[in-house]
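Let's take a friendly walk through a protein model, one neighbourhood at a time. Keep the picture in view as you read.

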Amino acid sequence: MPELPEVEITRRRIEPLLVGRKIERVDTTADSYFFITPTRPLKRALAGRTTSALERRGKYLVAALDDGRRLLLHLGMTGQLFSSAAASVRLLSATARASLAPEEQRRFEPDAHTHLCLHFADGGEQVFFRDVRKFGKVQLIEPGEPNERIDRLGPDALEATGDLLFAASRKRKVAAKALLLDQTVLAGTGNIYADEALFLAGVRPGRRAARLTRRDCDALAEGLVRVLRRSIETGGSSISDYVAPDGSDGAYQDERRVYARTGEPCRACGTPIKRRVIAQRSSHYCPACQR
DNA sequence: ACCGCACCCTGAGCGC
DNA sequence: TGCGCTCAGGGTGCGG
């Protein structure tokens, strides 16, 4: 699912559809842990409000409302945020798509996984939040209220520095991979870009964080910023569920050096890429290039 | 304080 | 065809 680049692309495309438009009505699915704020108060709070800004904090999106409240959104593993006009059949699963007649495939109709539908007072295109696995989150934050989710996030991963990683890695027994995935250290890095950054830095994902040298940390920070920026430029990674809010695929998956390339030759040396579970996540690396 | 693990869900793809 | 299994880009909360 979406990591920093995909969330940032989503933010840029959704921002003009949200900011300055008055929400008239909100439809939701039933209450579930997806809705940290229960649906009744959520609907009540959003009706009549206008969004003044849409910001990204790590992998979270935060919409500022005109009454001082904020709406927190997280896309989880399979979350998709898009508009009715931009929706395409790529937003549905392959099987759901196949069951539709060709003319029906052009327009998206909210289904059981479409947990949030925003209708606007101008009668224009709606905004949908769809999430098959429901690992996403929706929460309303009261003015001035602290939020345990975003308040503890580290600096944005696009601002990663060797200094920061070196300081954070001292005395840590966890794997380097786990350090990169720790959102309190750097916010926004996920499994794909952690693996890619480790490859660019020549560091094995399982290496203890405390054993990273200053040079390793510089290389990791540089590699991370490079892959994140490049992914944003190319429209993100469309590996399983992710599609941009206009329904288009990203292209970064074509530039992957290690992620989900198990058994395929390393692009640098030809050695088959290995896969190992580290920090409870599948990790991909070149056993020759990474030490 | 830190670390590893179970768990929250649904769907795709595979071997049999 | 269908069953059972594994896997999936995330995050929290618990026990040791």
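## Around Leu-224

Leaving aside residues up to four places away in sequence, Leu-224 touches Ala-157, Ala-160, Thr-189, Tyr-193 and Ala-197. Here, touching means that the C-beta atoms, placed from the backbone, lie within 7 Å.

This is a predicted model, where local features need pLDDT of at least 70, side-chain atom pairs count only at pLDDT 80 or more, and totals for chains, interfaces and linings use all residues. Residues are numbered from 1 along each chain as its sequence is written, while chains are lettered from A and ligands numbered from 1 in the order in which they are written.

## Two helices meet

Helix 5 (residues 162-169) packs against helix 8 (residues 214-233) at an angle of about 125°, and their axes are 8 Å apart. That angle makes helix 5 oblique to helix 8. Helices are DSSP runs of H or I with at least four residues, numbered from the N terminus. Axes are lines fitted to C-alpha atoms over the stretch in contact, and angles run from 0 to 180 degrees between N-to-C directions.

Helix 5 contributes Gly-162, Leu-165, Phe-166 and Ser-169 to the contact, and helix 8 contributes Arg-214, Cys-217, Asp-218, Leu-220 and Ala-221.

## Over at Ile-150

Ile-150 sits in helix 4 (residues 148-151). Is Ile-150 buried or partly exposed? Ile-150 is partly exposed, because 18 other C-beta atoms lie within 10 Å, whereas buried needs 20 or more and exposed 12 or fewer. Not counting residues up to four places away in sequence, Ile-150 touches Arg-57, Tyr-60, Val-62 and Leu-72.

Definitions and conventions:
Two residues are in contact if their C-beta atoms, placed from the backbone, lie within 7 Å. Angles under 35 degrees count as roughly parallel, over 145 as roughly antiparallel, 65 to 115 as roughly perpendicular and the rest as oblique.
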